[in-house]
Amino acid sequence: MDDNTQYLINKGKMLPLMEEFYTIQGEGFHSGKAAYFIRIGGCDVGCHWCDVKESWNSELHPPTLTNSIIENAKEYANTVVVTGGEPSMWELDYLTNSLQKNNIKTHIETSGAYNLTGIWNWICLSPKKTKLPLSNIYPKAHELKIIVVTKNDFIFAEEQALKVSDECELFLQPEWSKREIITPLIVEYVMKNPQWKISLQTHKYLNIP
């Protein structure tokens with residue numbers, strides 16, 4: 001990578017774009033809403049159940065001019081969801097400032113493992129045991145989403161919920177490959193603990209991106 005490209009990446013004017021697409025938000029609080037997704041490559045959190053492992057190596061996703069990403073987003077939606085990989089590994093001030101100037105709402109899904117840059121209308125914090133969130137992101141989170149793989153994840157969920165604000169929306173989501181086993185456990189848990197809500201990967205049920 002040449003020095004100029006690295007400079008532009010450091011300034012957030014280029015990003016290792018994996019994919020961008022217009023679809024329906026499938027998970028969490030904003031499920032069912034149309035949104036333009038920007039998936040940025042690069043992640044070292046290492047969830048064994050990750051369904052986009054191809055996003056982990058940022059070198060597989062060539063640096064793309066952020067301005068071109070912004071122009072594409074402007075054609076489609078009034079909401080952009082920045083995801084990954086782990087998007088907070090990158091400088092996102094330039095991207096979000098530009099989107100906000102075009103009256104586009106900015107949402108992010110992050111593990112919280114890195115310092116967050118950018119201006120956000122909605123922060124979905126999805127902590128992972130392999131690399132826990134930094135303490136400064138918990139009070140900023142609008143939504144806490146815990147992926148449930150085993151019964152022990154309910155304990156992890158409660159530990160994480162103690163760290164977010166009282167206004168933060170709490171969601172439990174079954175890991176897709178374990179959904180037939182885990183979903184009934186989540187239903188039972190939420191009925192006993194109604195401060196939590198259920199998140200489903202509805203885009204997979206709808207067979208859309």
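Visitor: Does K197 count as buried, partly exposed or exposed?
Guide: This is a predicted model, in which local features need pLDDT of at least 70 and side-chain atom pairs count only at pLDDT 80 or more, while totals for chains, interfaces and linings use all residues. Residues are numbered from 1 along each chain as its sequence is written, and side-chain values use heavy atoms, with hydrogens and water left out. Buried means under 20% relative accessible area, exposed over 50% and partly exposed in between, with a 1.4 Å probe and protein chains only. Because its relative accessibility is 35%, K197 counts as partly exposed.

Visitor: Which side chain meets that of K197 in a salt bridge?
Guide: A salt bridge is a side-chain nitrogen of Lys or Arg within 4 Å of a carboxyl oxygen of Asp or Glu. At 2.5 Å from N to O, the partner of K197 is E169. The pair links distant parts of the chain, 28 residues apart, with K197 in strand 9 (residues 196-198) and E169 in strand 8 (residues 169-174); strands (E, at least two residues) and helices (H or I, at least four) are DSSP runs, numbered from the N terminus. The name asked for is therefore E169.

Visitor: How many residues apart in sequence are the parts that K145 and E27 tie together?
Guide: The side chains of K145 and E27 meet in a salt bridge of 2.4 Å, N to O. K145 lies in strand 7 (residues 143-148) and E27 in the loop between strand 1 (14-24) and strand 2 (34-40), so the parts tied together are separated in sequence by 118 residues.

Visitor: Is K145 buried or exposed?
Guide: E27, its salt-bridge partner, is buried at a relative accessible area of 13%. K145 has a relative accessibility of 1%, and therefore counts as buried.
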